[in-house]
Structure formats: structure tokens, C-alpha cells
Protein chains: 2
Amino acid sequence: MSFKYRLYTPGPTSVPPETLAVLSQPVHHHRTAEFRKTFGEVHELLKYVFKTQENVYTITGSGTAAFEAGFVSTLSPGAKVLNVTNGKFAERWASYCKAFGCELVDHKLEYGTHVQPDVLKSELAKTKVDAVVLVHSETSTTTVCDLKAIAKAVRDTSPDTLLIVDGITSIGAMPFHMDEWGVDVAITGSQKSLMLPPGLGYVALSKRAQAAMNGKKTLPSHYLDLRQYAKTIDKGDTPFTPANTLVEAQLVSLKMLKAEGIENVWARTALCAKAFRAAAKAVGLGLFSKQPSDSVSGVTYPAGVDDKAFRDHLKKAFNIHVAAGQGSMEGSQFRINHMGYTDWFDVIAVVSAIELTLAKLGHKSFEPGTGVAAAQKVFAAA
Amino acid sequence: MSFKYRLYTPGPTSVPPETLAVLSQPVHHHRTAEFRKTFGEVHELLKYVFKTQENVYTITGSGTAAFEAGFVSTLSPGAKVLNVTNGKFAERWASYCKAFGCELVDHKLEYGTHVQPDVLKSELAKTKVDAVVLVHSETSTTTVCDLKAIAKAVRDTSPDTLLIVDGITSIGAMPFHMDEWGVDVAITGSQKSLMLPPGLGYVALSKRAQAAMNGKKTLPSHYLDLRQYAKTIDKGDTPFTPANTLVEAQLVSLKMLKAEGIENVWARTALCAKAFRAAAKAVGLGLFSKQPSDSVSGVTYPAGVDDKAFRDHLKKAFNIHVAAGQGSMEGSQFRINHMGYTDWFDVIAVVSAIELTLAKLGHKSFEPGTGVAAAQKVFAAA
């Protein structure tokens with residue numbers, strides 16, 4: 001029996017066939033009126049998703065490239081940066097201080113936890129920093145923070161400190177109000193909630209961040225220097241050749257998000273996460289995070305279930321790809337995506353396959369159907 | 001009457017339908033045995049195209065990102081760099097010295113010319129530099145240099161100087177022997193000869209360049225720090241999420257290049273360029289460059305033919321997209337691609353459309369068919 005291919009990794013995520021179809025069309029040049037129109041439409045829709053009136057710059061590169069663009073374009077050599085370090089991606093951002101000669105204030109936390117707004121507020125009251133860097137939804141530990149309260153804490157204690165937010169698995173998946181909350185640098189990538197293959201990164205700057213970019217000597221870069229992007233964006237251009245077929249495909253996915261309504265997308269993602277968590281609990285699985293994100297769930301195994309055997313069976317028997325734990329978390333958990341092109345029945349399907357796989361591997365402490373019924377109850381109540 | 005869409009810009013260039021078809025397939029994750037196998041095959045084929053035994057790193061980004069990766073990973077703060085500045089792309093590379101605090105020795109030349117090996121040799125005998133940066137085939141001026149002789153001049157005068165070559169419109173289009181000639185940093189992009197949409201850049205380092213990268217403090221970067229790519233390439237991984245669907249599609253195009261044989265690809269490109277130049281001359285068009293490249297032809301107009309009217313007519317009447325002149329060259333020339341997915345009949349077709357357009361715009365000093373016949377003679381003799 002042949003099972004359909006199903007991708008549940010938290011990036012790349014599934015891409016709608018309508019979007020994929022665009023990628024098989026003949027390639028066009030990017031310095032044309034047609035492309036400028038497409039690029040302009042994508043830009044407006046990105047602003048809608050970021051909830052900002054400011055420009056959202058398109059970088060050909062990964063989410064890391066977009067983060068680097070935000071970091072080097074707004075900070076100066078020797079800048080003092082408080083980094084909330086609570087996962088693999090947060091650790092990557094901490095390493096930027098060393099790479100670019102900034103001073104790191106390492107706010108190190110246990111994996112699966114996140115910074116509390118009042119704790120951050122008292123730290124900022126004691127230690128003046130040029131920027132706070134944090135990950136809104138840390139994909140490696142599947143942990144979210146209360147970004148609204150954190151942004152308020154930053155704004156209340158320090159009017160000049162830049163709040164740099166990795167929103168790679170939050171923007172487009174959960175409430176994110178860049179302007180209203182006062183986020184200064186907001187970053188995401190194309191292959192998460194925005195329903196595109198990897199290859200594009202997006203970064204937006206608040207007025208405060210723009211002033212920082214334009215008012216001082218910033219960290220060295222050329223490809224990722226956002227001043228170059230700021231010069232061309234109003235003309236519908238990028239300073240360097242963009243991955244233009246991905247931009248054209250991005251328009252299709254963004255139009256789908258707009259048609260659904262971004263608030264509805266957030267609610268759908270949250271409901272899928274809630275249903276999945278209910279199912280996981282019902283079949284004796286644990287959650288790794290103490291503040292679980294709605295964009296991705298990190299699930300710990302019951303005693304006796306081997307990670308590799310579990311993921312291998314899902315893949316070989318059912319053609320289902322879930323993500324392993326990352327770094328030191330590999331072996332003790334698996335992760336399931338709820339972002340982007342995901343609906344209720346994708347949740348039901350993966351819960352069903354997880355139930356069958358657990359039973360196959362000897363974990364039979366639940367009646368078949370317990371997981372899918374638990375998920376179903378959540379959807380039925382919605 | 002409806003004409004088929006034909007793209008003749010020197011990047012993006014046309015992509016084979018077999019390759020485009022891959023881009024419409026469901027998206028997979030990139031940390032899998034299957035992707036590692038594909039990535040490894042792409043890597044071997046890139047080495048074949050670059051004519052190198054060294055690693056060729058895949059950067060998700062444009063050719064500029066790949067250039068920046070080579071530049072920042074091998075040079076140190078304060079490095080003295082001789083830049084051959086003879087076109088828009090060479091000017092971009094010259095600006096890197098200022099952006100990264102290097103000392104620029106600006107070897108400025110008239111557009112349409114290129115550096116002569118003996119001139120460079122005597123300059124290097126007088127001025128010791130850490131690196132020579134040049135564009136093998138400058139797309140803006142459609143001008144090529146004798147890279148083999150230039151590389152010898154660099155090697156003969158200075159054993160330690162790095163030769164950094166923008167091969168964006170040369171690698172895969174014309175003879176390029178990285179190892180044999182002694183090129184230290186070789187760069188290209190996916191959207192030129194390698195028959196892919198934009199989105200990937202490639203950069204290879206000689207043993208000398210690798211020693212420079214590993215032996216000293218280099219310029220700051222993280223996303224474009226090739227040490228990170230060197231650490232993961234043998235495992236079939238990239239340090240950051242790659243544009244994996246483009247990598248999968250790249251394999252198809254590279255296999256086509258391998259099946260044809262890279263030397264045959266070079267010969268085909270040269271023949272197409274030769275036939276096009278013969279046709280251009282036959283209908284009274286001039287060539288902008290004094291050392292024309294075989295990858296792209298820059299054509300000057302006869303008196304009385306307006307650039308915008310000419311390109312508009314090609315586009316609106318015949319659905320053919322040629323490139324304008326770049327920067328200060330806009331208005332006085334148009335450019336035609338010969339790289340990548342291009343065969344004899346693509347040349348015949350564009351010459352035919354050019355003839356018809358010139359006549360339509362009042363330039364009738366040639367008999368209809370003069371251009372296509374001139375091109376045909378070149379192909380017939382091959």
C-alpha cells in the first residue's frame with residue numbers, strides 16, 4: 001500500500017499546489033513593470049502580515065540572512081546586546097556578538113522556558129543595552145514568550161533600546177503586531193507560515209530602527225545592508241538579483257493568507273496546536289516546553305519508545321516526515337508543525353499515524369482512537 | 001497573432017522545462033538522506049563545471065552574496081585590494097573595500113575594455129597587494145578578459161596574492177579552469193549558465209584561499225562566513241536552511257550540462273555568440289565591447305534607431321525580452337544572452353525579430369534575411 005507524502009517539519013512546511021504551480025512557469029526578468037507590480041503587491045501583503053506601516057525588505061537568503069540584515073544594519077561596532085538564550089536559534093543570535101565585535105549580555109535560560117517580562121524589565125533597569133535580541137517562538141524548544149508584555153517592558157525601561165525579534169516561526173502563525181507592540185526589528189523566512197519553499201527572508205524596521213540605521217556607522221555588510229534595500233524598494237526593485245520566481249510564488253500564498261484573514265490564520269494555527277496537544281496528552285505523550293508555542297509542538301516519548309524507531313516507522317510505513325529534536329534535544333522528542341498550509345484533517349491524520357506507530361512499537365497503554373477522538377473533540381467544540 | 005515568450009536577458013536566463021517541473025513538486029525537508037544525496041551530486045557536478053578538485057559552496061542568495069562570501073572569508077581588515085574597475089559589476093566589487101575597511105587600489109579602465117595581462121603584471125611588480133579582484137566576463141559591458149594569462153601574471157609576480165574572480169557570466173559558459181589556471185576565489189550564480197532561476201550563488205576556494213580563510217582573522221560575517229559551510233559540506237549539509245527546491249532543480253540542469261559535456265557547452269555558447277555577432281554586423285549593428293564576451297553581446301544602434309522604441313517593439317510585437325544597456329550605457333545599446341539553455345535556433349529567432357524590428361523602425365539599409373543568412377552561414381560551417 002502506498003501512502004501519500006505528508007510533511008510535518010516546522011520548516012520547510014507544505015506549500016499549496018497553486019503556489020508550486022507558479023514555480024514551474026517560464027522564468028521572467030525582474031527589471032520589468034510586471035515584476036515591479038508583483039513585488040509591490042507582495043510588499044503590501046507582507047506589511048499586512050507583519051502588522052506594520054513600515055517597509056518589509058525582501059532578502060534572497062534564509063531567515064538567518066534576514067536576521068543578519070536587521071542586526072548589522074541597526075547596530076554599531078561595540079554595541080551592547082542582551083540576548084535571551086534559550087534554544088538553538090537563540091544561541092545562533094548570541095554568536096553574532098562575537099562575529100561582529102559587539103558586547104554580549106547573555107541572558108541564559110533553561111531550554112523549554114522563556115524570559116518573563118518582569119524579569120527582563122528589572123534586568124534592563126540595572127543594565128543599559130543598545131539592543132535586546134530574542135526569539136518569539138523558539139523552534140528548537142517549541143517555546144513561545146509573551147512578546148506584547150516583553151515589548152512593553154523594553155519600551156518602559158529604555159526608550160532607545162532596540163528590540164530585535166526573530167519571528168521566523170511566529171509571524172504569520174500567531175498574533176504579532178509589530179507597530180502596536182513596538183517591535184523594532186522583525187524577521188521571518190519564507191518556508192514557515194508564509195507557505196513558500198525556502199529561499200527568501202523578510203525583515204522590517206521600526207522608525208526607531210530606521211533612525212539607528214541612518215544615523216550612525218553600523219556593522220559592515222553590503223549584501224545585507226538594508227540601506228541598499230531602502231533605496232530601491234519604492235521603485236519595486238531590489239539592490240541585487242532577487243529569487244524572482246519565489247517572489248512571484250509568494251504572491252499566491254500571501255493572497256491566500258489575506259483571503260482567509262490573518263487573524264483567522266492565527267486562530268486556525270492555535271486550534272490545530274490545541275487539538276494536537278490534547279491528542280498527545282490522551283495517548284500518554286508529554287510536551288517538552290513549559291510555554292508551548294502554537295506554531296510547533298515538541299513531544300516527548302513515553303518510556304520504552306525509541307526516537308529513531310518511531311520516526312523511521314512514520315516515514316517508512318506511512319510516508320510521514322516529522323522533525324527530530326534539535327541539538328542536545330535529539331533523541332528525546334519529535335516536533336510537529338502547525339504553521340502555514342495546515343488544516344484540521346492534517347492534525348487528525350498525523351495523530352492517527354502516531355497512534356498506530358506507538359502501538360506498533362509496543363506502547364499500548366491507550367485504546368486505539370483515543371488520540372484522534374481527543375483532537376476531534378477540540379475541533380468539534382470550535 | 002500570439003508569439004511565444006522568449007527571454008534573451010543575460011540573467012535570469014531561460015530554464016529547461018525539465019528543471020522547472022522539479023520546482024512544482026511537493027516540498028521536502030533538507031535534513032534527510034535523500035537531500036544529502038542530491039546535494040552531494042550537485043556538489044560533484046559543480047566541481048566539474050568549475051574545473052576544480054576543491055569544494056564549491058552553495059549559498060542561498062544572489063551572485064553578490066556568493067562574491068561577498070568569498071571576499072569576507074579570505075581577506076582581513078585593512079587588506080590591500082587591486083580591483084579592475086571596468087563596468088557596473090566591477091564597480092560593485094570596488095565598493096566592498098570601503099564597506100569592509102580594506103584599502104582599494106582602483107585599476108580603472110574605460111567601459112568595453114579589460115585589463116591586459118602584461119599591464120597587470122607590471123602594476124603588481126610595483127604595488128604589492130593582498131588580492132586582485134576582477135570580473136572575467138563583465139555583463140554590463142559584455143567584455144571578457146584573457147583570464148588564463150591574467151592568472152599567470154598574478155602567480156608569476158606574487159605567490160601570495162589572492163586572485164578573486166567574478167565568474168558569474170563566465171563559469172559554465174566559456175573555458176574556465178579554476179585549478180589549472182590558479183584562480184583562488186571563483187564565484188557564480190544559478191541564473192546564468194547553470195540554467196536555474198535566481199536564488200543560489202556558488203563560490204569555490206583554492207588551497208591558497210582556504211589557508212587564508214583558516215589562518216587569520218577575516219572580515220566579519222556569519223551568514224556568508226565560508227568556514228561554516230566548510231564544516232558541514234562533507235556531511236551533505238549547509239549551515240543554514242538552503243533553498244532546497246532550487247538545489248533539487250539544479251541537479252537536473254547540471255546533469256544536462258554534464259550529458260552535453262562542459263567543453264561542448266562552451267563551444268556551443270561561443271558558436272551562438274559568433275553567429276549572432278556576424279548577423280549583427282550584417283544588418284548594420286555595432287558591438288559595444290572591444291573584447292566581446294561569448295556569454296552576452298552588447299549591441300549598439302545604427303543612427304536613428306531609438307533604444308526604447310526598439311526594445312518595446314520586440315516585447316510588444318514579438319514577446320521577446322532583450323536587456324537594456326546598464327547604467328550610463330542605457331539608451332545606446334541592448335544586450336542578448338548566449339548562456340545556458342540556448343541553441344542555434346534561438347539565435348536565428350532573435351536575429352529574425354531584430355531584422356523585422358529595425359525595418360519597422362525605419363532602418364532599412366539591408367535586404368530582409370541578411371542577418372539570418374549571416375548567422376546561418378556560421379552554423380552551416382560548424
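**Strand, helices, copies**

Analyst: B:Ala204 lies in strand S10 (residues 200–205) of chain B; helices (H or I, at least four residues) and strands (E, at least two) are DSSP runs, numbered from the N terminus. This is a predicted model, where local features need pLDDT of at least 70, side-chain atom pairs count only at pLDDT 80 or more, and totals for chains, interfaces and linings use all residues. Residues are numbered from 1 along each chain as its sequence is written, with chains lettered from A and ligands numbered from 1 in the order in which they are written.

User: Is B:Ala204 buried or exposed?

Analyst: B:Ala204 is buried, because it has 31 C-beta neighbours inside 10 Å. The cut-offs are 20 or more other C-beta atoms within 10 Å for buried, 12 or fewer for exposed and partly exposed in between, with C-beta atoms placed from the backbone.

User: OK, helices now. At what angle do H11 and H14 of chain B pack?

Analyst: About 150°, with the axes of H11 (residues 262–282) and H14 (residues 370–380) 7 Å apart. Axes are lines fitted to C-alpha atoms, for helices over the stretch in contact, and angles run from 0 to 180 degrees between N-to-C directions.

User: What ipTM does the predictor give?

Analyst: The complex gets an ipTM of 0.95, and a pTM of 0.96.
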